[in-house]
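Biologist: Could you take me through this model step by step, giving the cut-offs behind each term as we go?

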Amino acid sequence: MTSRASDNDNNNKETAAAVGEGANDTTLVQEAENFFAVERLLDAAKLLRQVKDVSLLTPKHEWMLRWADLIEAGMNDLLLPPDCEGTDWKKQGETHGHRDFTVYYKHTAENHLECRIDSIIESSLLIPIISVFNESDLYDTWMPSFKKPIKIGIQESKKIKEEGRGNQIIRVTANMAWPFQTRECTQHAVAVDVIEDQGAIAIHVQTETPEDNPDVPESAPNVVRIDLSASILIRGCPPDHHLLEKSRHKYPEGEELILISIKSWVDPHIAGVPVSIINWFSRTVFGRLWSSLLGVAEAIREGKRPQHEEAIQNNRDLYNWIEQRIEVMMEKVKEQSRHHVESQA
C-alpha cells in the first residue's frame, strides 16, 4: 500500500473516532464535511442525520443527504445477488469466452424497464474502464450508434462541471432519425468510497434539470430531455462467483479479479413507438454498450487510445486516488478470504 493511501485511511479512522455519540451539532456538521471531502458521503450523511438544530444544515447538506439516499438504495440493491428471492431479475443473456458478464432486466413499480450487468474484470482493466466512464468529453469517440429499430447516435458529449474527485455533471446529445427530435441527457454522477463498510466503491448517476440544479443549463429549442438513473458498484470478486464456473477467459496470473455491477433505467420519452420495442431495444443496447466499453478499456490499457491516456495523465488526482483505494479494498478482500479459510479449517 502506498504511504498516501495509508495516510488517507488513518485520517478517516481518526475522523470517525473523533465523533462520538455526545458530539454537538456544530461538530457533527464539521466532521460530516470532512468525510465528504474524502469521498465518504454515506459517512457524512450518518452524521448529518444526527444534527438536531436543522438551521445549521445548508442547501449543500440537504444535497448530501438526498444523494446519500440515492447511493445507498442503489448499492443495497446491487449487493443482493440477482437470483436472490424477491429481486425479480430475469436473465437476458450470459456471455463467456473473451469476457464474462450477465445481463438481467426487470420492470420497476413505476413501470420502467431496469437493466443490470454483472461483469468480472482483472484489476489492470479498472483504471481504463473508469476513464471510459469519467472522460465524458470523449464519449462520442467510442459510443456505438444504432440503426434498428430506432436510429440513434451521439452528436456531442460535454462535461459541464466537475467538483472533487468523483462529482461531475455531463451532457450527452443524441441525433435520432426523423420524425423524432434530438435527445439530450444531462446527468450528475457521484462516486463514493464505501470500502470501510462494504469493501466497495459506489457510483450513482441521475438526470437533473435546471430546476433540480442551477448548474444545469437550459435545453436548446426542439430538444427532448431523456430521464436516466444508474448505480454502479465496484468490489472484489468472490472466488465462487457463478460467472467463473463457465469462464473461458484467461485472466492474467497474479492479478486480483474485480466484480462490477451496474443497473440502470432510461426513459427516452418517445411517443408513438410501442413500449415492447423500447424495452427490447434497451435490453439489447445495454449489453452491446458494455461490450463496446470493455473493448475501449482494453485498447486504453494497450496504449491504443491516446486521447484517454492523455486524459488519465491530466487527472492523476482522481486516478491515483482510485488506485490507492482499490489497493485498500483488495487487502480487505484478502483478509476476509483468510478468515473464511480459517473458519472452515
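Predicted model: local features only at pLDDT ≥ 70, side-chain atom pairs only at ≥ 80, totals over all residues.

Modeller: Residues are numbered from 1 along each chain as its sequence is written, and side-chain values use heavy atoms, with hydrogens and water left out.

Biologist: How many helices and strands does the secondary structure of the chain come to?

Modeller: Helices (H or I, at least four residues) and strands (E, at least two) are taken as DSSP runs and numbered from the N terminus. Counted in that way, the chain has 10 helices and 10 strands.

Biologist: What percentage of the 345 residues of the chain count as buried?

Modeller: Buried stands for under 20% relative accessible area, exposed for over 50%, and partly exposed for what lies in between, with a 1.4 Å probe and protein chains only. For the 345 residues of the chain, the buried share is 49%.

Biologist: Why are helix 2 and helix 4 oblique to each other?

Modeller: Axes are lines fitted to C-alpha atoms, for helices over the stretch in contact, and angles run from 0 to 180 degrees between N-to-C directions. Angles under 35 degrees count as roughly parallel, over 145 as roughly antiparallel, 65 to 115 as roughly perpendicular, and the rest as oblique. Helix 2 (residues 25–37) and helix 4 (residues 59–79) have axes 12 Å apart and pack at an angle of about 60°, and therefore the pair is oblique.

Biologist: Which residues in helix 2 meet helix 4?

Modeller: Contact means heavy atoms within 4.5 Å. On the helix 4 side the residues are Lys60, His61, Trp63 and Met64. The contact of helix 2 with helix 4 divides into 5 nonpolar, 1 polar and 2 charged residues, where Ala, Val, Leu, Ile, Met, Phe, Trp, Tyr, Cys and Pro count as nonpolar, Asp, Glu, Lys and Arg as charged, and the others, Gly among them, as polar. From helix 2 come Val29, Ala32, Glu33 and Phe36.

Biologist: Is Glu33 buried, partly exposed or exposed?

Modeller: Glu33 lies in helix 2, and its C-alpha atom is separated by 8.6 Å from that of His61, 28 residues apart along the chain. Because its relative accessibility is 27%, Glu33 counts as partly exposed.

Biologist: At roughly what angle do the axes of helix 3 and helix 4 cross?

Modeller: The axes of helix 3 (41–48) and helix 4 come within 9 Å, and they cross at roughly 120°. That angle makes helix 3 oblique to helix 4. By class, their contact has 11 nonpolar, 1 polar and 1 charged residues, and the crossing angle asked for is roughly 120°.

Biologist: How many residues of helix 5 are buried?

Modeller: Helix 5 (residues 126–134) is mostly covered. Its buried residues include Leu126, Ile129 and Asn134. Of the 9 residues of helix 5, the buried ones number 8.

Biologist: Is Ser136 buried or exposed?

Modeller: Ser136 lies in the loop between helix 5 and strand 4 (152–162). Leaving aside neighbours within four places in sequence, Ser136 is in contact with Ser157, Lys158, Lys159, Gln168 and Ile170. Since its relative accessibility is 0%, Ser136 counts as buried.

Biologist: Is Asn222 buried or exposed?

Modeller: Asn222 has a positive phi of about 65° although it is not a glycine, and its place is in the loop between strand 7 (200–207) and strand 8 (223–225). Because its relative accessible area is 60%, Asn222 is exposed.

Biologist: And is Glu39 buried or exposed?

Modeller: Glu39 also has a positive phi of about 65° without being a glycine, and it is found in the loop between helix 2 and helix 3. With a relative accessible area of 10%, Glu39 is buried.
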